Amino acid sequence: MKEMSDLNLPADVKYTKDHEWAKLSGDIVTIGINDYAQDQLGEVVFVELPEIGDTFSQGDEFGSVESVKAVSEIYIPISGEIVEINEGLEDAPELVNTDCYNDGWLIKVKPENTSEMDNLMDKPAYLDMLKG
Amino acid sequence: MIQQPGTSGLVLNEALLWDKSRDGRCAISLPKQDVDRATLDDSLTGDIPDLPQLSELDVVRHYTRLSQWNFGVDTGMYPLGSCTMKYNPKTNEVQAARKGFAEAHPLAGDEFSQGSLKLMYNLERYLAELTGFEAVTLQPAAGAHGELTGMLMMHAYFAKKGKQRSKIIIPDTAHGTNPASAALCGFEPINVKSGPDGILDPETIAAVMDEDTAGIMVTNPNTLGLFESNIKKIADIVHSKGGLVYGDGANMNAIMGIVKPGEIGIDVLHLNLHKTFSTPHGGGGPGSGPVAVGKRLEPFLPVPRVVKELDSYKFITDCPETIGKIHTFYGHFGIMVRAYAYILSMGAKGLLDTSRLAVLSANYIKESLKGTLNLPYDRPCMHECVFNDEIQQKNHITTVDMAKRLLDYGFHPPTIYFPLVVHGAFMVEPTESESKEDIDQFIDAVKAIAKEAKEDPEKLRKAPFRTKVTRLDEVTAARKPCLKG
């Protein structure tokens, strides 16, 4: 398990209390689980993702990540429609461990209202939450 | 230092029977045919089954070797929490093998099955007496099947009242099968959290109990090994809204002869004969999960039911409100014989002592290992105690590492990562079967492992070393499963 100081938490993404990350570029939000989540879960063996076209409200469960230790639900950081899912995870779920912010992304969402991004935490706020 | 049971020794490999098979090899001589050979119509035959051809010695060695790879309660201590892996007395097997029972036929009819019917009738009465209920069905095949039976009866009860209910309350310390059994009956499980002391707070239940809620499923003692001491208040709250209380009696080994669930507000309860009543658990069992009910639910019991008239016994099916049949014939009869043998050989006092000793043993382990392992709920426990790996985490050792290492010391590991309310749970249930010497050996082994966690954590992460198969690559097994031989 990583020490707090070893966690990779980029400053250019937003975080949820359930340890997902979200990044707005153009009018699309890319979503994944963060370094803390992948480290706690351990080696990921399966990722269950929604279908393209599904719609969710902020905080809804949209899939699950299964590791050797546990199956964890994942919650969507922003309301909207799924426009793309990371199909590469089917054959290589380990990407969630090795590269959670790039090749290990989970879904892309066309948000209903980008202002919902303001409800999410930035890096300092997220770190404060982790430190409790 | 106590001499530990685990050691290394020669274990033999064994091929699949089909790999050992050779054409024409045979272990039996069929009697000489005394009728003429007749051919069957093609429509009645299929392909020849692919059965292995083996000599008697091939077969004997095969199963002997497989049995030597195994670990059972006859091999050593098996403190698998929540499972009550107690010793299965050999007399149970002797009684079940008696010709009258072993060769009984389910279609023989009441007249020719009086002994078997009497046994079932008496077993139902004994279980009713032990639990404080009116009536019992022996049909369910296991605990979760008993839960389903109970839920079906609750469903039928509300249907009869004319207003079905849609929800059921399930605490986070209930057995994992509870929400599944309820959902299978169409109830939506409403999860509630236990209080800071590990037991349910009546106010939590009062806040969610309403007239669309069928009731609550309570495991008591709960999966933290703690007695739900507010159970009467909780039952009153549920009853005041017209609901029913389901008791998961899988942990009955802690309270036999001490508490009668039927007298503390429970309306329906299942028992696990393969836990509390010493019938085989694992290895195919099969299981048996009788369900006991009070007057209110009795009309809904599965059929056929055994009744006594004068001095004879018979099955009846004429019960208009029954939920019907839930098993072929009458349930797992051979298991009923074993449980009956256990109850008769223990006697009332013996069963009471069983629970007292099971609780004493668990508390002895709890007090002896407190400090070596973290104890999240430090209060008197019932038949099991739940530790976790918080102390070992600073050396990056987790519960699974310690559980694997216990195999090297010659013990079956305890239940790990359950209940979910304790992070990294390490759940120990010694049962009454183990002597103080064997329990001390176990305590000593856990202490030695905790010491290794500090001094040589790298080694612990690779354990076990003395088993036939060492640490499995669980990641590859999950990512690239090989699903056939």
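This is a predicted model: local features need pLDDT of at least 70, side-chain atom pairs count only at pLDDT 80 or more; totals for chains, interfaces and linings use all residues.
Which residue of strand 8 of chain A does A:Phe56 stand opposite? The residue is A:Gly80.

Start with the strands of chain A. Strand 5 covers residues 55-56 and strand 8 covers residues 80-85. The two pair in the antiparallel sense, over 2 bridges. Strand 8 of chain A also pairs with strand 9, residues 107-111. That pairing is antiparallel too, and it runs over 5 bridges. Within it, A:Ile85 has A:Ile107 of strand 9 as its bridge partner. In general, the strands of a sheet pair through backbone hydrogen bonds, either parallel or antiparallel.

Now move back along chain A to A:Leu7. This residue lies in the segment before strand 1 (14-15). Neighbours within four places aside, A:Leu7 touches A:Lys2, A:Asp35 and A:Tyr36. Take A:Asp35 as one of these. A:Leu7 and A:Asp35 are 28 residues apart in sequence, yet their C-alpha atoms are 6.3 Å apart in space.

Next comes the step from chain A to chain B. Here 5 residues of chain B are in contact with 5 residues of chain A. On the chain B side, these residues divide into 2 nonpolar, 1 polar and 2 charged.

Chain B itself has two domains. Domain 1 spans 92-345 and domain 2 spans 348-472. Taken over C-alpha atoms, their centres are 30 Å apart. The domains touch through 18 residues of domain 1 and 20 residues of domain 2. On the domain 1 side, the contact has 8 nonpolar, 8 polar and 2 charged residues.

Finish with a sheet in chain B. Three strands form an open sheet in the order 10-12-11, with antiparallel pairing. Which strands are at the edges? They are strand 10 (385-387) and strand 11 (415-416), and each pairs on one side only. Strand 12, residues 426-428, pairs with strand 11 in the antiparallel sense over 2 bridges. In that pairing, B:Thr415 has B:Met427 of strand 12 as its bridge partner.

Conventions:
Residues are numbered from 1 along each chain as its sequence is written. Chains are lettered from A and ligands numbered from 1 in the order in which they are written. Domain bounds come from an automatic or database domain assignment. Two residues are in contact if their C-beta atoms, placed from the backbone, lie within 7 Å. Ala, Val, Leu, Ile, Met, Phe, Trp, Tyr, Cys and Pro count as nonpolar, Asp, Glu, Lys and Arg as charged, and the others, Gly among them, as polar. Two strands pair if DSSP finds at least two bridges between them. Helices (H or I, at least four residues) and strands (E, at least two) are DSSP runs, numbered from the N terminus.
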